[in-house]
Amino acid sequence: MRRPRGDPGLRAPRPTEGAICAGPGESCRGRASAERAAGGRTKPLVQGHAAGSPSPNSMLRILLSAQASAARLSGPLLLPPVQPFCVGPSKWGDLPPGGAPHAAPGQGLQRLLEQARSPGELLRWLGQNPTKVRAHHYPVALRRLGQLLGSQPRPPPVEQATLQDLSQLIIRNCPSFDVHTIHACLHLAVLLGFPSDGPLVCALERERRSRLPPKPPPPLQPVLRGGQRLEAALSCPHFLRHPQQHLIRSLAEARPEELTPHVMVLLAQHLARHRLREPRLLEAIAHFLVVQEGQLNSKAVQKLVLPFGRLNYFPLEQQFVPCLERILAREAGVAPLATVNILMSLCQLQCLPFRALHFVFSPGFINHISGTPHALIVRRYLSLLDTAVELELPGYRGPRLPRRLQVPIFPQPLITDRARCKYSHKDIVAEGLRQLLGEERYRQDLTVPPGYCTDFLLCVSSSGAVLPVRTQDPFLPYPPRSCPQGQAASQPNTRHAAQRVVLTLRERWHFCRDGRVLLGSRALRERHLGLMGYQLLPLPFEELESQRGLPQLKSYLRRKLQALGLRWGPEGG
């Protein structure tokens with residue numbers, strides 16, 4: 001039997017019926033009930049409109065329920081779009097009981113702000129809905145204002161009263177903003193051209209600063225006096241800015257009882273490490289050593305004496321050397337390495353006590369250090385002391401280091417030279433000599449007896465001609481033949497048919513800082529080479545740094561060698 005055409009109860013509604021015309025907040029079930037009550041015919045929602053066409057209220061609800069596009073928020077300000085504050089339900093099974101998604105309380109106002117067509121309309125939406133305005137609406141309004149002003153080549157003029165009213169709204173409500181909203185409004189206000197000293201930017205900046213976490217109070221610095229202040233200054237990483245003035249002031253404010261051995265050792269190590277040749281500080285260390293002689297052991301004394309030898313400074317304290325002699329006599333057998341370290345510093349100062357030399361060259365001391373872990377370094381230091389005795393102490397008649405125990409003193413370039421090799425002038429000087437003399441007429445980094453490494457060595461005939469090194473013995477005899485002290489250095493041509501010329505580089509780090517005094521190790525090396533008969537030709541770093549390029553350097557080396565009367569090439573033989 002066919003069903004009656006108008007009976008709604010005998011036919012199940014299709015899934016799409018009712019949902020097409022239902023607006024937000026209306027359920028499909030309610031629409032179907034209305035149809036049943038009307039006998040199956042659809043009535044218009046508002047009187048006066050044709051059946052089947054939605055009313056204006058339904059259209060408005062549909063527009064308000066549509067999701068805003070994220071691209072609509074990204075205007076010419078190049079800022080990330082404002083995220084929606086209420087995300088609609090998903091497509092399946094996430095609808096509220098009414099059958100359609102509910103808009104958040106302020107979501108409709110946000111869409112109205114995003115769709116405003118003029119600054120006046122934008123302000124009107126904010127002013128007419130005070131109960132629905134939330135903090136996140138103000139960045140949306142500012143962003144839309146920027147889009148309106150930048151969307152047209154010639155944007156319509158904005159009344160000043162409109163901008164002032166918008167500013168007052170933001171100023172009045174900004175205390176309720178969170179940190180992110182304040183930052184967004186402040187950034188947008190600056191981009192829109194609001195003056196940096198205007199009320200809007202000032203109010204937002206004031207709120208931003210009030211939200212910053214309070215700074216913790218600075219920790220209370222303990223009151224440091226004398227030695228404590230000196231020790232703290234030496235431990236500070238930013239100490240090298242004004243080291244001498246800071247040290248001198250801290251040392252002057254310290255009382256004698258506050259200067260402990262630990263503090264003075266730190267001071268001595270700092271001066272030696274940074275090549276600071278400050279007489280007042282060095283004299284203070286020497287005075288402390290003399291005053292505290294009875295309380296100091298040889299291990300502390302070796303650290304206190306270190307800067308004097310390294311910085312080539314002989315103190316004015318008259319009891320300095322006698323004090324060290326007494327300490328060596330008392331502590332020599334206790335700490336062998338500390339003993340030879342003290343003697344090394346005195347050797348650089350050309351002040352070797354005979355009594356201590358007798359002890360360290362004695363068979364008992366040598367046998368004692370033979371089985372120790374530091375035997376090699378002690379033998380190297382003893383070899384240098386023996387060379388100093390040979391060259392500088394003709395009146396010494398005590399024991400000496402046996403030849404079988406002697407080792408090369410400095411068989412390689414010094415550690416500082418190896419560490420700073422990339423800043424050295426050695427490579428460019430070697431290239432200049434190669435182009436000027438030829439590779440066969442000089443030797444680089446040659447170690448000569450008793451173990452000193454030379455920068456560049458030339459063999460020169462009695463007539464001044466630079467000879468090929470391979471045809472000559474580059475070494476002078478060691479120990480030197482008996483002659484008055486200093487004669488080998490002053491008149492080398494009278495004793496040997498071939499003269500040995502050593503070109504020695506004097507780099508910036510070979511000197512004490514801010515001075516023209518050679519470090520103790522460099523001065524000792526040059527002094528001993530001269531006493532062995534080698535003629536030295538220093539090449540200071542100031543002169544090397546002033547040469548621009550290899551041609552100028554070759555001219556400089558030519559002048560230096562010709563000043564010694566040297567000849568090379570076809571005319572030199």
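Helices (H or I, at least four residues) and strands (E, at least two) are taken here as DSSP runs, numbered from the N terminus. The model is predicted, so that local features require a pLDDT of at least 70 and side-chain atom pairs count only at pLDDT 80 or more, whereas totals for chains, interfaces and linings use all residues. Residues are numbered from 1 along each chain as its sequence is written, and side-chain values use heavy atoms, with hydrogens and water left out.

Helix H22 itself spans residues 520-531 and has 12 residues. From its first C-alpha to its last it reaches 16 Å, close to the 16 Å expected at 1.5 Å a residue; the expected span is 1.5 Å times one less than the number of residues. Because 11 of the 12 residues of H22 are buried, the helix is largely enclosed by the rest of the structure. Buried denotes under 20% relative accessible area, exposed over 50%, and partly exposed the range in between (1.4 Å probe, protein chains only). Among the buried residues of H22 are the charged side chains Arg 522, Arg 525, Glu 526 and Arg 527, where Lys and Arg count as positive and Asp and Glu as negative, His and the chain ends not being counted.

The protein chain contains 24 helices and 5 strands. Of its 573 residues, 42% are buried. Residues 24 or more positions apart account for 70% of the contacts with a separation of 6 or more, a contact being defined by heavy atoms within 4.5 Å.

The largest nonpolar core has 78 residues. A nonpolar core is a set of buried Ala, Val, Leu, Ile, Met, Phe, Trp, Tyr and Cys residues joined through side-chain atoms within 4.5 Å. The residues with the most contacts inside this core are Leu 267, Leu 271, Leu 289, Leu 304, Leu 352 and Phe 361. Leu 289 touches Leu 296, Val 301, Leu 304, Val 305, Cys 323, Leu 324 and Ile 327, when residues up to four places away in sequence are not counted. A second, separate core of 27 residues includes Leu 123, Phe 177, Phe 194 and Val 201. Ile 327 also lies 8.5 Å from Gly 294, C-alpha to C-alpha, although the two are 33 residues apart in sequence. Gly 294 is placed in the loop between helix H12 (279-291) and helix H13 (298-310) and is exposed because its relative accessibility is 63%.

Salt bridges, defined by a side-chain nitrogen of Lys or Arg within 4 Å of a carboxyl oxygen of Asp or Glu, number 19. One of them joins Glu 205 and Arg 208, with an N to O distance of 2.3 Å. Both residues lie in helix H8 (residues 199-211), 3 residues apart, about one turn of the helix. An α-helix has 3.6 residues a turn, so residues three or four places apart point the same way. Arg 208 is partly exposed, at 22% relative accessible area. A further salt bridge links Glu 278 to Arg 280 at 3.2 Å between the closest N and O atoms; Glu 278 is buried at 11%, whereas Arg 280 is exposed at 55%. In the pair formed by Arg 330 and Glu 331, the closest N and O atoms are 3.5 Å apart. Salt bridges that share partners join Lys 426, Asp 445, Asp 455 and Arg 525 into one network.

Arg 144, in helix H5 (residues 137-150), is buried yet has no salt bridge, the nearest side chain of opposite charge, Glu 121, being 7.9 Å away. The side chain of Arg 144 instead reaches the backbone oxygen of Glu 114 at 3.2 Å and that of Ala 116 at 3.0 Å.

Most residues other than glycine have a negative phi, and most peptide bonds are trans. Asn 312, in the loop between H13 and helix H14 (320-331), has a positive phi near 55°. Gln 350 likewise has a positive phi, of about 60°, and is placed in the loop between helix H15 (336-348) and helix H16 (354-360). The peptide bond from Pro 449 to Pro 450 is cis, with omega near 5°, and Pro 450 is found in the loop between strand E1 (443-448) and strand E2 (452-461). Tyr 478 and Pro 479 are also joined by a cis peptide bond, with omega about 0°.

Note on methods:
A polar contact is a pair of N or O atoms within 3.5 Å; within protein, one must be able to donate a hydrogen and the other to accept it, and residues adjacent in sequence count only if both atoms are side-chain atoms.
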